[in-house]
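Here is a short briefing on one protein model. Look at the structure, then read on.

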Amino acid sequence: MRERHEAYLYHITFNAMHNLMPDDPRKMHAHTFCVGIYVIEEQEDHPFFLNSENILQRYFNRYRGIRLNELSPFTETVPTLENMGEVFYWDLKSIFKKNGMNLLLLEMGDSPISSYCIGERPMIGNVYSLALEKSVDEYCERVRQRYAKQQQWRME
């Protein structure tokens with residue numbers, strides 16, 4: 001039987017400025033950051049999605065329209081996409097846990113062509129088809145076997 005996992009995906013955008021070279025203030029620049037958050041419910045007795053949007057809005061309001069380098073922890077850590085993703089992931093993981101939810105994956109980007117991802121499970125496809133590593137390995141093995149059979153058939 002194929003294992004299936006489902007999650008809610010929330011998208012948050014916020015505008016902020018950051019400087020990857022803190023010694024040169026002229027390098028400060030702005031982005032519209034896009035954050036995708038995949039969350040599952042750990043409790044079955046209440047619809048958590050009603051509260052999730054409020055949690056995310058409250059959390060990201062502190063980052064809207066500011067210079068990230070002037071806000072902790074980015075006064076000490078350069079606010080690269082990867083560092084921001086790490087901070088957001090672990091903060092939100094804790095917040096969601098307290099509210100009966102589990103944050104599986106956080107995707108974050110500052111351009112339309114790439115994102116930084118951090119989470120617990122590798123993903124294949126989209127949120128409706130979250131795959132465990134074992135499922136990925138099994139799929140790859142089936143593809144290898146099918147390819148080997150095709151090669152053998154061509155040789156005959």
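In strand β4, I118 stands opposite L106. That pair belongs to a predicted model, in which local features need pLDDT of at least 70, side-chain atom pairs count only at pLDDT 80 or more, and totals for chains, interfaces and linings use all residues. Residues are numbered from 1 along each chain as its sequence is written, and side-chain values use heavy atoms, with hydrogens and water left out.

**Overall layout**

- The protein has three helices and four strands. Helices (H or I, at least four residues) and strands (E, at least two) are DSSP runs, numbered from the N terminus.
- Along the sequence the pattern reads β-β-α-α-β-β-α.
- The protein has 156 residues, and 33% of them count as buried. Buried means under 20% relative accessible area, exposed over 50%, and partly exposed in between (1.4 Å probe, protein chains only).
- Take the contacts in the protein with a separation of 6 or more: 64% of them join residues 24 or more positions apart. A contact means heavy atoms within 4.5 Å.
- The accessible surface comes to about 10400 Å², and 51% of it belongs to carbon and sulfur atoms. Such areas come from the Shrake-Rupley method with a 1.4 Å probe; for residues, only the protein chains shown count as cover.

**The sheet**

- Four strands form an open sheet in the order β1-β2-β3-β4, with antiparallel pairing. Two strands pair if DSSP finds at least two bridges between them.
- β1 and β4 stand at the edges with a single partner strand each, so one side of each has no neighbour in the sheet.
- Ignoring direction, neighbouring strands are turned by 20° against each other on average.
- β2 and β3 pair over eight bridges in the antiparallel sense. Here V35 stands opposite M108 in β3.
- β3 and β4 pair in the antiparallel sense too, over five bridges. E107 stands opposite C117 in β4.
- Helix α2 packs on the sheet and touches β1, β2, β3 and β4; its direction makes about 155° with that of β3. Axes are lines fitted to C-alpha atoms, for helices over the stretch in contact, and angles run from 0 to 180 degrees between N-to-C directions.
- A hairpin of two residues joins β3 to β4.
- β3 is mostly covered, with eight of its eleven residues buried.

**The cores**

- The largest nonpolar core has 28 residues, and F14, I37, F60 and F88 have the most contacts inside it. A nonpolar core is a set of buried Ala, Val, Leu, Ile, Met, Phe, Trp, Tyr and Cys residues joined through side-chain atoms within 4.5 Å.
- α2 gives this core its largest share, seven residues.
- Another core, of five residues, lies apart from it; A7, I40, L104 and L105 are among them.
- I40 lies in strand β2 and is buried, with a relative accessible area of 17%.
- F14 touches residues including H31, F33, V35, F60, F88 and M108, not counting those up to four places away in sequence.

**Confidence**

- The average pLDDT is 81, and 69% of the residues score at least 70. pLDDT is the predictor's confidence in each residue, from 0 to 100.
- Confidence is highest in helix α2 (residues 81–98), at a mean of 95, and lowest in helix α3 (residues 133–155), at 63.
- Over residues 124–131, pLDDT stays under 50.
- Where pLDDT is low, the predicted coordinates should not be read in detail.
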